[in-house]
Amino acid sequence: MSKLVIKDLYVNVDDISIINGLNLEINDGEVHALIGPNGHGKSTLLFTIMGHPRYNVVKGSIYFNGQDVLKMTVDERSKAGMFLAMQNPLEINGVSTIDFLKSALNARRDTPISLYKFVKEFESCSKDVGFNLDMSTRNLNEGFSGGEKKRNEILQMKLLNPLLSLIDEIDSGLDVDGLEMVAKVINSMMDGSFSCLIISHYSKLYKLIKPTHVHIIINGKIVTSGDYSLIEKVDNEGYKWLEKEFNVSINKQENKRVSIGTCNVKESVNNG
Amino acid sequence: MDKIIVSDNSISKELTINKDCYLLINEDVQTKEYKINIINCKATIIDMSKTLKKNLYFENSETMVIEIINEKESSDLFINNVNSKIEYNIIDLENSNLRYVLKEEVKDEGSTDINIASVGYKKKNKEYVVNTSNLSPRTTNNINCFGIVKDKSLVKYDVSSFIKKGAKEAIVKQNSNILLFDKESCGQNNPILLIEENDVKANHGSSIGKIDDDIVFYLCSRGLSKLEATNLICLGKVEYLVNKIDDESIRDSLINKFKERVS
Ligand SMILES: Nc1ncnc2c1ncn2[C@@H]1O[C@H](COP(=O)(O)OP(=O)(O)OP(=O)(O)O)[C@@H](O)[C@H]1O
Ligand SMILES: [Mg+2]
């Protein structure tokens, strides 16, 4: 039985606070939808759970199956059964898709997977997610179309078979068939031990997956949670009604960031 | 295609190749200097020797050379390209200081690609001085340098390209990327373009820095350790040169050597 427990979480990015006292609990077999206006900390939460070094946890705790996630490295979190499907999957020069997938599978095994078994598994998963096999020798995500990148994320999820999937706007860039494929893959994973946290701005994906829980995040805090009807309400009315009801301001974003004017010097090289 | 394997010092004087061939210069070749002329043919040369000074003359030919740096502290190479298509690749995984001077001249409508991949580790200095000259119209020089530096080492690329007056429509591209593994290590790119002609295309790009956090994170989020992730990224950069080698056993031994180097 897998379980994610987040308590009183505060997260800074470059000294700006993005997550402000967030609580969340996800149990095995549950599908949680995380919705909220642009820039209010949805992706930040997922990156933090997965352990991106730029997201600095200043307070609070995250536990997964009783393990203190904040003490774990990114790869340990992955091996513990967590998976992040990113909003913007990166292009990685010099690393072929198939080599990478093999390394990722082997990283969680004691003995390397046999080539035969790997190819079989890869081919069957590729077929399920509609990932063109010809692309497997190309560099990871390099020159992939928006939808192809998203399919590749789902392919990785299927291959790695996580206990908890954090899925960030998988529907942006996917065509209609792609969306149905994602829903099918996720629904089929629900048969086993699996739970997920899904971010989307559109009700279409949620209609297909039917979340058991829905949370609305404003200014880095979950202001209200409910069932599927919350998605319908937001779909019809937007987020404005929350301001009165919960005494929050959706546009105070601007005031929050006082330190503009810093020049973003990119010290690291991307891929040459 | 002829296969010529040189495994003693018979190459020492001068070798002229004028029919298509595959030339393998073995690692036990210890000669100080050699000259190879490649004329009116296609050739592949794999050079694993300890030769310090090399003189290559190409005329109306198409050649790929892969030089694998082997236990030496200096290397001197002169490439003379007359109407030929040449790709010169240098793979340097050696645990020694190295100063490598490469001079190149291209004439008629020749084109030269120079690719260098160098790993500096265990407090070693790797210094590459590359001088290219486009001496006639429509000649091309394409120089790509890649470095990985760790353990207080240095990788330095001084790349200077000259385009002579009258070399209209000449093309020069310089690119140097150096990845630093730790704060004590150092990378230097010193690109110079000397251009006497107006009607040319010349550019250079360079970067020095640590591997992008976002990329490492992406790979780690799939279960690769930080070390495995950085290895995979670096391997990719070197592998594209190594994969040009036909011989699987040479390829494998280089990849294994590389993995040892960066881990
Ligand atoms: N790496 C970063 N550097 C600087 N600011 C960041 C970084 N990551 C997030 N932020 C800021 O934190 C805030 C929350 O961003 P986040 O990406 O979590 O929003 P989101 O809710 O996912 O929005 P969207 O719906 O547009 O995807 C934004 O104001 C964003 O600019
Ligand atoms: Mg987002």
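A polar contact is a pair of N or O atoms within 3.5 Å; within protein, one atom must be able to donate a hydrogen and the other to accept it, and residues adjacent in sequence count only if both atoms are side-chain atoms. The model is predicted, with local features requiring pLDDT of at least 70 and side-chain atom pairs counting only at pLDDT 80 or more, while totals for chains, interfaces and linings use all residues. Residues are numbered from 1 along each chain as its sequence is written, chains are lettered from A and ligands numbered from 1 in the order in which they are written, and side-chain values use heavy atoms, with hydrogens and water left out.

Ligand 1 has 18 residues around it, of which Gly39(A), Lys42(A), Ser43(A), Thr44(A) and His201(A) come nearest; a residue is near if one of its heavy atoms lies within 4 Å. An N or O atom in the side chain of Lys42(A) is 2.8 Å from an oxygen atom of ligand 1. A polar backbone atom of Gly41(A) is 3.1 Å from an oxygen atom of the ligand, and an N or O atom in the side chain of Tyr55(A) is 3.1 Å from a nitrogen atom of the ligand. On its own, ligand 1 has 640 Å² of accessible area, and the protein covers 74% of this (Shrake-Rupley method, 1.4 Å probe).

Helix H1 of chain A (residues 42-50) gives the largest share of the shell around ligand 1, namely three residues; helices are DSSP runs of H or I with at least four residues, and strands are runs of E with at least two, numbered from the N terminus.

Between the chains, 39 residues of chain A are in contact with 26 residues of chain B, contact meaning heavy atoms within 4.5 Å. About 2,600 Å² is buried between chain B and chain A, and carbon and sulfur atoms give 62% of this area. Buried area is the accessible area (1.4 Å probe) that two parts lose on being put together, summed over both. Of the area that chain B buries against chain A, 32% is supplied by Phe217(B), Tyr218(B) and Arg222(B), more than by any other three residues.

Two salt bridges are counted between chain B and chain A (a side-chain nitrogen of Lys or Arg within 4 Å of a carboxyl oxygen of Asp or Glu). In a salt bridge, the side chains of Arg54(A) and Asp214(B) meet at 3.2 Å, N to O. H1(B) gives the most to the side of chain B that touches chain A, with seven residues.
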